[in-house]
Amino acid sequence: MGGGGALIVGYLSIIVLLPIAALISHGLSIQISTHGSGWAFWHWHVSFGFRAFWTAVTAPGSRSSIWLSLWLSLNVAAINAVMGVAIAWVLVRDRFFGRGFIDSVIDLPFAFPTIVAGVVLLAIYGPSSPIHVNLFETWMGLTLALLFVTLPFSVRAVQPVLASLDLESEAAARTLGAGGLRTFLSIVMPSLWPSVLSGFGLAFARAVGEFGSISLIAGGIGRTTTASYYIFNLTAGFLWVDAAAVSTALLAISLIVLVTTNVVSRHFQKRLL
Amino acid sequence: MSISLSHLTKHYAKTRAVDDVSAEIKHGSLTAILGPSGSGKSTLLKLISGLEKPDEGTVTIDGEDMTHVDPRHRDIGFCFQHYAPFRHMNVAKNVAFGLKVRKRPKMEIDERVGDLLSLVKLEGKAKSYPSQLSGGERQRMALARALAIEPRVLLLDEPFGALDAVVRAELRQWLKELHGQLHVTTVLVTHDQQEAMEVADQLIVMRAGRVVQSGNPLALYESPATDFVHEFLGPSTIFEGEVTRPHDLELVSVHQGQMKGRITSIVSLGFEAQVTVELSDATSTWVQLSRNELSAMGLRVALLVGVRRREDVDG
Amino acid sequence: MNTTPKWALRAVVLFYLGVLIGLPVTFLVVKALGHGFGPFWSEVTQPNALSALKLSLEVAAIAVPINAVVGVGAALLIARHKFVGKRVLDTLFDVPIAISPIIIGIALVLAYSKIGWFGAPLTRYGIKVLFSPLGIILATMSVSLPYVLRSILPVLTEVGEDQEQAARTLGAGRFRIFWNVTLPSIRWAVLYGVTLTIARTLGEFGAVLVVSGNITGVTQTLPIYIFDSWDQRFDVLGSYSGALVLALISIGVLAILAALKRREKNLLVDFA
């Protein structure tokens, strides 16, 4: 088992750890130099180029794109947090013909290539829209794409928890006179919200990083440039270090949100079990 | 095959699940390890099986030190509380598993599986899957599976704990008969003292990781070493400051009793009755009466009575 | 729950899903086959399209088995063993999901291409990562990493160790226990995770775009081809046709997932 473990760690290093480390290292212009001659390599000096990092991150295009990504992702995660609960509710508590079909459909954005979603969204809501709804180069268009892509995360975070909830406490509330909405708010939600939060965090992180589905409907550089698109443009211009810098900033933000929601959600989830 | 346990200790985090346990299990006996939850009995069983390794002490089976031997090579059969069926295999394949591992020839396996299924009365179910069986049937399958490898020792971890009362009683009886037939040294872990008393010819009572008392069940019942054993093995109540069996007390008229009191409740269980009496020293005790005694005495709540120990039958 | 809110909720949910998912999918079918099956087929069988499909399939053929084996191995480690850093290992698998594929692409470039950390030693051995299929494979393995693990782990934890312990007492060795007891008990979850991995692998776009340099015929996977058709050549029908092929594969994938869910209830990918 130790050998297998080592192999797995080795694999993870190659495809995740080392690349991320390289990214952050280049992004922060980290340089490690040794002082002293020959074998005296305990005189290590680590410096990081804060100025270069900061310049790249606070460039006007970068600032506006990061801000846009955060704003859109927050909205989308919030909307899908609500819709996720609604959908999970219908899937878990309701019985109707085609429920299994709907349940499978939820996984579609998981399995769907993002670029295909992008093509289709542009076709429906773009300049040659058959329903005459043109969302090309609009925030609404981006929002629709992001809602599509993050939906499964929001639903699947909540669904298993909802399914495992004790129906008896809700029945007890009803015998005590509580109506549907009140029961939902005071009995169900308190047990459910940690998982909703967890789904929110995941959806947020996913939305911040999304590229394929918005690459087409966003049009060129402009008001609708998200952080991923901005970074991609930097790479198209071979500005790797700048791209790494902005990427590192974005990573940091996503990480903070994800870790926070995860920790909070896990802490309160434990108390409820 | 006799089992000898010597100073076994096992730690989990900061607690000692098993604390310096030594015991002898006689060849061919049916021993019950009895105790409340958390007493360490399941851990002890796992130590005997080799599924857990002790931090200190030794396990000797038939004179050989097996402490560090893998369960594969100990020749033991193990049954779990939730049966641990191989869900994707049918009953016949489940039972055959151990024999396939030992690379027995197909004909031999088929014959042996057939015999075992007859033994456990599951003949018609060879092709069924565990999910299609009832709890009792699954446990019988598990037993057949364990017996297939002709183990030296059979270990059962709360085997009837997940079954309802009627099935439990049936399987208890059946296990006792099976043991009478096969004479495999069997060790059974349970928290149900009735089960232990009914089935075992040797008892080991555990509490908080230690052995409190061991020996013949009836001997333990009649001469418990501590109050805990007394209370755990059978109904108990306190009379005159001592832990006593309610059926060792009787109700008489006020001046005949060793203590006086007022009846506070009468519960009739059909075959017996439990009469609770609040005594003059402000303690409460209960007395077990037979159906006949209850109807003969015309008792009612709030009646003043006397309570005394019954005379020994031999006087 | 009385009936009015129930119907209202159902209506809201169905409308939302219809607009978000149903509409796009229907539209795609209409658009791609709108001119008839003939033009669709000729678009799909164009040499560049076919070589893009071929590359996508080849990449999948390498990335999927590796991630499946790693996923199963890691699940066994996490579910059945205690060791320092277990939490870290568990979290590491979620990293590719939480990061933009563009960023993953950049990270790979900065680690393994000419300009990256290992650029010098790799070029000395003639290993080219940027602008080559190897880079695409690495990128694809990275983004599709967690799906098998996240499908298996909940099931493995739930099934518990009893069956494995029983097999041990019956004399089975480690490999036999894994092959005859553990693996069968999680087989539907494994299939579920592998199916999702295949879908993810075939559909990956952003990371591959960064790493591959988008060289027609050489480093174009099918998603890149679709993007390229639209963006560079305004070949709308080509784009739709390629998109439909991928969409059909995704829907096929979904159908498989649905069938698996019927076999074993409560199968889903658990990232929470």
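Analyst: Helices (H or I, at least four residues) and strands (E, at least two) are DSSP runs, numbered from the N terminus. This is a predicted model, in which local features need pLDDT of at least 70 and side-chain atom pairs count only at pLDDT 80 or more, while totals for chains, interfaces and linings use all residues. Residues are numbered from 1 along each chain as its sequence is written, and chains are lettered from A and ligands numbered from 1 in the order in which they are written.

User: Where does a positive phi occur just after helix 2 of chain B?

Analyst: The residue is Lys103(B), whose phi is about 60 degrees.

User: How many residues of helix 2 of chain B are buried?

Analyst: A residue is buried if 20 or more other C-beta atoms lie within 10 Å of its own, exposed if 12 or fewer, and partly exposed in between, with C-beta atoms placed from the backbone. Helix 2 (residues 91–101) of chain B has 8 of its 11 residues buried, so it is largely enclosed by the rest of the structure. The buried residues are Val91(B), Ala92(B), Asn94(B), Val95(B), Ala96(B), Phe97(B), Gly98(B) and Leu99(B).

User: How many residues of chain B are in contact with chain C?

Analyst: The interface joins 18 residues of chain B to 15 residues of chain C. On the chain B side, strand 6 (76–79) and helix 2 each supply at least two residues. For residue classes, Ala, Val, Leu, Ile, Met, Phe, Trp, Tyr, Cys and Pro count as nonpolar, Asp, Glu, Lys and Arg as charged, and the others, Gly among them, as polar. The side of chain B that touches chain C has 10 nonpolar, 5 polar and 3 charged residues.

User: Which chains have the most contacts among the pairs that touch?

Analyst: Of the 2 pairs of chains that touch, chains A and C have the most contacts. Here 70 residues of chain A are in contact with 70 residues of chain C. Helix 1 (residues 2–27) of chain A gives the most to the chain A side, with 13 residues. That side divides into 51 nonpolar, 16 polar and 3 charged residues. No contact joins chain A and chain B, and their closest C-alpha atoms lie 17 Å apart.

User: How is chain C divided into domains?

Analyst: Domain bounds come from an automatic or database domain assignment. Chain C is divided into domain 1 (1–33) and domain 2 (36–263). Their C-alpha centres lie 30 Å apart, and 6 residues of domain 1 are in contact with 7 residues of domain 2. The domain 1 side of that boundary has 5 nonpolar, no polar and 1 charged residues.

User: What does the secondary structure of chain C come to?

Analyst: Chain C has 15 helices and 0 strands. Its C-alpha trace spans about 70 × 65 × 30 Å along its principal axes. Of the 272 residues in chain C, 53% are buried. Among the contacts in chain C with a separation of 6 or more, 75% are between residues 24 or more positions apart.

User: Why is strand 8 of chain B largely enclosed by the rest of the structure?

Analyst: Strand 8 (residues 185–190) of chain B is largely enclosed because 6 of its 6 residues are buried. Thr185(B), Val187(B) and Val189(B) point one way, while Thr186(B), Leu188(B) and Thr190(B) point the other way. As for pairing, two strands pair if DSSP finds at least two bridges between them. Strand 3 (residues 30–34) of chain B runs parallel to strand 8, with 5 bridges, and Ala32(B) stands opposite Leu188(B). Strand 7 (residues 153–157) of chain B is also parallel to strand 8, with 5 bridges, and Leu155(B) stands opposite Val187(B).

User: What order does the open sheet of 5 strands in chain B have?

Analyst: The order is 13-17-14-15-16, with antiparallel pairing. Strand 13 (249–252) and strand 16 (284–290) are the edge strands, each pairing on one side only. Strand 14 (residues 259–268) is joined to strand 15 (residues 272–279) of chain B by 7 bridges, and Ile263(B) has Val277(B) as its bridge partner.
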